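Hello,

Here is the structure I promised to pass on. Have a look first, and my notes follow below.

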Amino acid sequence: MNKYVDISRLKAKYNEMFNVGEHIVAQTKVDGANGSFTYDVETNSIIAFSRKTQLSETNNLRGFWEWTQEFSLEDIKEITESGRFIIYGEWLVRHSVSYPNSAYNNFYVFDVYDTQKNCYIPYHEVWVIFGKLLLAAEKTGIEIRLVPLLYDGPFKSWEDLMELMKLKTLGGEPAEEGIVIKTQDRLEDKENSRRPKYIKIVNEQFGEVHKGAKKPVDPEELKKREEARAYVTQFVTRRRIEKILEKLQDEGQLPIDWDETNMKNISKVVPKLVFEDVKKEEPEAVLAIDGFGKFSGSITMEIIRTILNER
């Protein structure tokens, strides 16, 4: 089985995880049971999973396994390209959020994993696969649904995303559980693990009925961090970073044709040199922002990775 990615709650430290202009999608977070299914070559069957285990007739995730077996085997084999693609979604059964009765016992697709590329695929490709699943479901008289899409476009600000929390999409009470935001630009990026690709924001109203739910991040705190980060980008520029990289090359500390294999050493050296350079030339700017060094370090590595991708 391929366990679905653990999605972190939004924390203040993640405020810089999406660059302004980065392509993102935001979807409703559904309060159900995580499930997945695909075609299995070895057994020539449709196999299904809960979040942690393979399902069967006796361990059926409250009817999800039976639902998957309603599909035509040939349809699922074709749609998943003989198991290359794993379909992930939420089998909606009663949890903390209360939904209209018509919403329950349905599967809401939210992602597809490509086992050849070892990554989740972009939303527009998920949409295409969902369309095929919808036709396959109609053949056998069952339903399949797509998790509501709230936004598809460039990241602008956390404040804009917080507004999406107010939308009623599935009729959840006292509120929808929250939203999940996913990058579309870094899905195949295997190295930059410090910047999560997915993040979730749990609705404060939902938190009131969910035991152990953590207090949501204060939007004002995120806004302040956004403003601080934007300020730092005025000084931690691509040209400043390029000059330091060039200096390291001139001194023989970095190969002229540096690549991914050099990134570990670069991450240890360059962010510190960039910060020291700004501190020397713009000391007032550094003193004006608490945590200037942390912002500077993350921005530096983002720009270096952009340079690497363009090489």
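Let me begin with a residue pair: Ile 86 stands opposite Tyr 113 in strand 6. This is a predicted model, in which local features need pLDDT of at least 70 and side-chain atom pairs count only at pLDDT 80 or more, while totals for chains, interfaces and linings use all residues. Residues are numbered from 1 along each chain as its sequence is written, and side-chain values use heavy atoms, with hydrogens and water left out.

Strands here are DSSP runs of E with at least two residues, and helices are runs of H or I with at least four, both numbered from the N terminus. Two strands count as paired if DSSP finds at least two bridges between them.

Strand 5 (residues 85–91) pairs with strand 6 in the antiparallel sense, over seven bridges. Strand 8 (residues 145–146) is joined to strand 6 by two bridges, this time in the parallel sense, and there Val 109 faces Leu 146. Strand 7 (residues 119–120) runs antiparallel to strand 6, again with two bridges, and Tyr 113 is opposite Tyr 120. Four residues separate strands 6 and 7 in a hairpin, and Asn 118 in that turn has a positive phi of about 55°.

How many residues of strand 6 are buried? Eight of the eight are, so the strand is largely enclosed by the rest of the structure. Buried means under 20% relative accessible area, exposed over 50%, and partly exposed in between (1.4 Å probe, protein chains only).

Elsewhere, Gln 249 sits in helix 7 (residues 238–250) and counts as buried, at 16% relative accessibility.

Best wishes
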